[in-house]
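I opened this one to go through it piece by piece and jot down what I found. These are my notes, in the order I looked things up.

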Amino acid sequence: SLQELFHEQIIGGFVERSINERKAKGASLRTNLNQLSAALHQHPSYASMDLSWFKPLLDSIPFEPKSELKKRKALKCLPYAEVECIPARIRDKRPGAAKKGVVHVALLAMQELLIKWLITLPWRQRNLRECRINGLKPNLFKGKIPPFCGIDRPEWVKEKELEDPEATFWQFKFSIDETKTGIDVHALLPRQLIGLLEEYLKEFRPHLVHGENPATLFVNRTGRPMSGSQIRGAVSSLTLRHGGRRVT
C-alpha cells in the first residue's frame with residue numbers, strides 16, 4: 001500500500017541512492033518529495049500518517065552551491081549573439097532544399113521566421129503557436145492604426161503617416177483572455193520582422209497548408225496548428241542543429 005511505501009526506511013534509501021548513485025540534484029529532489037508529502041497530507045485517507053521523520057530527512061538533503069547552479073544553467077543557454085545568427089543559417093539552406101521541392105523550402109522559411117520572431121518578440125509559446133492571422137478577431141493583421149489609440153509609434157511610422165494618412169501597418173493584438181497576465185496587448189510589429197513575414201505569408205505558408213486553412217501563423221508538417229510539444233521540439237532542434245546546443 002502507499003502507507004507501506006512512504007516509509008522512512010524506503011524514502012531514506014531512495015534519497016541516498018538518488019544522491020550517491022544517480023547524482024540527483026538536491027533542490028529538485030526536495031521539490032519532488034515535498035509534492036508527494038503534500039499530496040498525502042491533503043488526502044483524507046493518509047492525513048493521519050505519522051510523517052514526523054520526513055522533515056528531518058528532507059533537511060538532510062544537501063543543496064548545490066549557487067556557483068554550481070549558475071554553471072549548470074549556463075550549459076543550458078546559448079549566447080544571444082549565437083542565437084541571432086541562426087535565422088541566417090537556416091536561410092542559407094534554402095538553395096539545397098529547393099532540389100527536394102517547394103515544401104522543404106517553405107518549412108525552412110517558417111523555421112527562420114519562428115526563431116527570428118522569438119529573438120525579436122520573446123512571446124510565451126502559447127501566444128506564438130495560437131497567433132491567428134485569419135478570422136473575425138485575428139491577433140496579427142495589417143491595417144490603419146485606429147484614431148485616439150495609445151499605441152507607441154516609432155519615427156518611421158510617424159513619417160509614413162504624415163506622407164499617407166491612410167497608411168496601413170502590421171499590428172498584433174491580444175485580449176485579456178489571451179495573455180497570461182490578464183492584460184490586453186496592442187502594438188506594432190517590429191520592422192525587422194515585416195519583410196520575412198510577408199514573404200512567408202505570400203510565398204511559403206500556402207504550400208504548408210493541406211485542406212482547410214487553419215487560422216494560425218505557424219503550422220505543423222500536416223498543415224494544422226502546432227501543439228506545445230511541437231513548437232518546443234522545433235526550437236530545441238533548430239538551436240541544436242544551428243547553434244550546437246539544445247535550447248527550449
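**Entry 1**

I began with K23, which sits in the loop between α2 and α3 (26-42). A caution before going further: this is a predicted model. Phi of K23 comes out near 55°, a positive value in a residue other than glycine. Is K23 buried or exposed? K23 is exposed, because its relative accessible area of 56% is over the 50% cut-off.

I then looked up F148, where phi is near 60°, again a positive value in a residue other than glycine. F148 belongs to the loop between β1 (140-143) and α11 (155-163). With a relative accessible area of 88%, F148 counts as exposed.

**Entry 1: the whole chain**

I stepped back to the overall fold. How many helices and strands are there in the protein? I noted 13 helices and three strands. The radius of gyration is 25 Å, well over the 18 Å that the globule rule gives for 248 residues, so the protein is more spread out than a compact globule. I also took the span of the C-alpha trace along its principal axes, which is about 75 × 50 × 40 Å.

Of the 248 residues, 36% count as buried. For contacts with a separation of 6 or more, I found that 60% come from residues 24 or more positions apart.

I looked at R91 next, in helix α7 (residues 86-91). R91 is partly exposed, since its relative accessible area is 34% and that category runs between 20% and 50%. Which residues is R91 in contact with, leaving aside its neighbours within four places in sequence? I wrote down E112, L196 and E199. I checked A109 as well: R91 and A109 are 18 residues apart in sequence and 7.0 Å apart in space, C-alpha to C-alpha.

R94 is in helix α8. R94 counts as buried, because its relative accessibility of 10% is under the 20% cut-off. Leaving aside neighbours within four places in sequence, R94 is in contact with V105, L108, A109, E112, L196, E199 and F204. So much for the arginines.

**Entry 2: A106**

I picked A106 in helix α9. A106 is buried, with a relative accessible area of 0%. Not counting residues up to four places away in sequence, A106 touches F204, H207 and L208. I also took its separation from T248: A106 and T248 are 142 residues apart in sequence and 22 Å apart in space, C-alpha to C-alpha.

**Entry 3: the largest pocket**

I went looking for open space. Rolling a probe the size of a water molecule over the atoms shows where empty space is left. What volume does the largest pocket have? I got about 490 Å³.

The lining of the largest pocket has 21 residues, and L107, Q111, R221, L238 and R241 lie nearest its centre. The elements giving two or more residues to this lining are α8 (94-98), α9 (102-120) and α13 (228-243). Which element gives the largest share of the lining? The answer is α13, with seven residues. By class I noted nine nonpolar, eight polar and four charged residues in the lining.

**Entry 4: aromatic pairs**

Last, I went through the rings. The count comes to nine aromatic pairs. I started with F6 and F54, a tilted pair at 5.5 Å centre to centre with 40° between the planes. This pair links distant parts of the chain: F6 is in the loop between α1 (2-5) and α2 (8-20), F54 is in helix α4 (residues 54-59), and they are 48 residues apart. Both F6 and F54 are buried.

Then I looked up W117 and W123, which form an edge-to-face pair, 5.4 Å centre to centre and 75° between the planes. W117 and W123 are both buried. Which residues do ring pairs link into a cluster? I listed W117, W123, F172, F174, Y200 and F218.

Conventions: Residues numbered from 1 in each chain as written. Predicted model: local features only at pLDDT ≥ 70, side-chain atom pairs only at ≥ 80, totals over all residues. Heavy atoms only, no water. Helix = DSSP H or I, 4+ residues; strand = E, 2+ residues; numbered from the N terminus. Buried < 20%, exposed > 50% of the residue type's maximum accessible area, 1.4 Å probe, protein only. Contact = heavy atoms within 4.5 Å. 1 Å grid on protein atoms, 1.4 Å probe; cavity = no way out; pocket = protein on both sides within 12 Å on 5 of 7 lines; lining within 4 Å. Points joined across faces, edges and corners; volume = space filled by probe spheres on them. Nonpolar A, V, L, I, M, F, W, Y, C, P; charged D, E, K, R; others polar. Phe/Tyr/Trp six-rings, centres within 6.5 Å; stacked < 30°, edge-to-face > 60°. Rg over C-alpha atoms; globule rule 2.2 N^0.38 Å.
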